[in-house]
Amino acid sequence: PEPVKAEPKREIHGVQLVKPSFWTFAASSSLQFSQLYLSDNWYKGGEKNLNLQSSFLFKFNYNNRKRIQWDNTLEIKEGFNTTSSDTLRNIRMNNDLFRYTGKIGLRAIANWYYTISAQFTTQLFNGYPTNSDKRSSGFLSPGYLSVGIGMDYKLNKSKCNLSVVIAPLNYDLKFVTAAAIEETQFGIEDGDYALHTYGSKITSTFDWQIFSFAKYTARFEGFTNYERTEGSWENTLDFFVNRYIKASLFWHIRFDDNVAPAADGSYFQYYELFSFGLTYDW
């Protein structure tokens with residue numbers, strides 16, 4: 001459960017009044033040593049190796065405890081590794097994520113909310129293929145923006161939280177701003193810089209405090225314009241040694257039939273990461 005911010009108090013004519021505080025804030029960070037496995041067709045490139053991973057998660061939510069809720073999440077993940085296969089650089093990026101997710105909901109009935117949701121995703125640093133100075137990705141290249149209108153089902157319990165956003169009306173924008181980066185690798189037509197798509201989307205987040213020392217977190221996204229389909233399923237299993245040390249197993253499965261398939265014809269991509277190191281929540 002998210003922490004509840006203390007409510008300021010004041011007195012009028014000897015009567016103590018409590019001013020409600022509708023905002024809550026939570027954050028976590030980690031710095032971990034890890035072993036990485038990914039499939040040959042992973043869309044951001046990379047190779048099997050040992051590396052250093054850092055992550056930051058910020059949540060700032062509004063709830064007036066009546067009908068309106070506004071949830072905001074900011075995620076930043078950066079991964080660095082040294083590799084002998086790349087003769088042009090000593091340090092490579094193998095994980096680079098900047099993602100903001102927001103949704104504002106008006107309670108309809110029980111656990112259902114009328115919702116407008118938005119998500120923006122990009123990376124912060126340039127990406128390069130092995131032994132090449134030609135950029136394959138960078139900041140806002142690609143960039144992803146998704147805005148949808150629909151319903152949000154929320155279930156909040158003491159040890160688990162679930163949110164399922166169903167957006168039958170969804171706008172999806174994929175764009176590349178750097179002229180040096182080839183846009184066709186992201187499903188954008190040659191010579192163009194953006195792909196505008198309308199369709200339907202479902203987004204689900206789930207976290208479960210299995211034991212005091214173990215927590216499972218999952219995130220699923222699926223989008224279709226009824227001609228192509230894109231899906232993403234992220235899973236994290238955390239094991240806490242104490243407040244400051246944890247081990248994490250992260251696996252990510254993607255499907256995108258709008259890009260070139262792997263050599264075996266598969267549109268599935270896989271990313272697996274096991275890490276151990278420092279963590280801090282506040």
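Reader: Where is R65 found?

Author: In this predicted model, R65 is found in the loop between β4, residues 49–63, and β5, residues 68–82.

Reader: Why does R65 count as partly exposed?

Author: The relative accessibility of R65 is 47%, and the partly exposed class lies between the limit for buried, under 20%, and the limit for exposed, over 50%, so R65 counts as partly exposed.

Reader: What is the phi of R65?

Author: Phi of R65 is near 65°, a positive value in a residue other than glycine. Most residues other than glycine have a negative phi. L140, which is not a glycine either, has a positive phi of about 65°, and L140 is found in the loop between β7 and β8.

Reader: What makes the peptide bond from S141 to P142 cis or trans?

Author: Its omega is near 10°, and the bond is cis. P142 is placed in the loop between β7 (112–122) and β8 (143–156).

Reader: Why is V259 called buried?

Author: Buried means under 20% relative accessible area, and V259 has 18% relative accessibility, so V259 counts as buried. V259 is found in the loop between β13 (245–256) and β14 (268–281), and, leaving aside its neighbours within four places in sequence, V259 is in contact with Q185, F186, G187, Y267 and Q269. With F186, the separation is 73 residues in sequence and 6.3 Å in space, C-alpha to C-alpha.

Reader: Which residues make up the largest nonpolar core?

Author: That core has six residues in all, namely Y144, V176, A178, I181, F186 and I188. A second, separate core of five residues includes L38, W42, F250 and Y271.

Reader: How many aromatic pairs are there, and why is the pair of Y171 and Y198 called tilted?

Author: The count comes to 12 aromatic pairs. For Y171 and Y198, the ring centres are 5.2 Å apart and the planes stand at 40°; since stacked requires planes under 30 degrees apart and edge-to-face over 60, the pair is tilted. Y171 lies in strand β9 and Y198 in strand β10, so the pair ties together parts that are 27 residues apart in sequence.

Reader: What makes Y198 buried or exposed?

Author: Its relative accessible area is 60%, and exposed means over 50%, so Y198 is exposed.

Terms used:
Residues are numbered from 1 along each chain as its sequence is written. This is a predicted model: local features need pLDDT of at least 70, side-chain atom pairs count only at pLDDT 80 or more; totals for chains, interfaces and linings use all residues. Side-chain values use heavy atoms; hydrogens and water are left out. Helices (H or I, at least four residues) and strands (E, at least two) are DSSP runs, numbered from the N terminus. Buried means under 20% relative accessible area, exposed over 50%, partly exposed in between (1.4 Å probe, protein chains only). Contact means heavy atoms within 4.5 Å. A nonpolar core is a set of buried Ala, Val, Leu, Ile, Met, Phe, Trp, Tyr and Cys residues joined through side-chain atoms within 4.5 Å. Rings of Phe, Tyr and Trp (its six-membered ring) pair if their centres lie within 6.5 Å; planes under 30 degrees apart count as stacked, over 60 as edge-to-face and the rest as tilted.
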